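Hi there,

Here is the structure I promised you.

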Amino acid sequence: MSSQMILLIVPIAIVELGLLAFALNDLIKRKKVKGGNKWVWAALIVFIQLIGPILYFVLGREEE
């Protein structure tokens, strides 16, 4: 793997992990989510990399 490839992958991985942590933290703190099932949202956040946390922030959060 070339150093240019590593320089591209590292920032993307950091953003992905940050989104994952922020989304899971928000999910844990919320009382209600759209669809009513936190476990489904947790699975989407964890297993659908990068897109899962974005979907949660756009579609899954309910106003408190």
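The axes of α1 and α2 come within 10 Å and cross at roughly 175 degrees (axes are lines fitted to C-alpha atoms, for helices over the stretch in contact, and angles run from 0 to 180 degrees between N-to-C directions). The two helices are therefore roughly antiparallel to each other, a label for angles over 145 degrees. On the α1 side, the contact (heavy atoms within 4.5 Å) is made by L20, A23, L24, L27 and I28, and on the α2 side by K38, W41, A42, I45 and V46. By class, that gives 9 nonpolar, no polar and 1 charged residues.

This is a predicted model, where local features need pLDDT of at least 70 and side-chain atom pairs count only at pLDDT 80 or more, while totals for chains, interfaces and linings use all residues. Residues are numbered from 1 along each chain as its sequence is written, and side-chain values use heavy atoms, leaving out hydrogens and water.

Now look along α2, which spans residues 38-47: W41, A42 and I45 are buried there (under 20% relative accessible area, with a 1.4 Å probe and protein chains only). Seen down the axis of α2, these buried residues fall within an arc of 100 degrees, so they line one face of the helix. They pack against α1 and α3. The face turned away from them carries W39 and F47, which are exposed, meaning over 50%.

D26 counts as buried because its relative accessibility is 13%.

Enjoy exploring!

Notes:
Helix = DSSP H or I, 4+ residues; strand = E, 2+ residues; numbered from the N terminus. Arc of directions from axis to C-beta. Parallel < 35°, antiparallel > 145°, perpendicular 65-115°, else oblique. Nonpolar A, V, L, I, M, F, W, Y, C, P; charged D, E, K, R; others polar.
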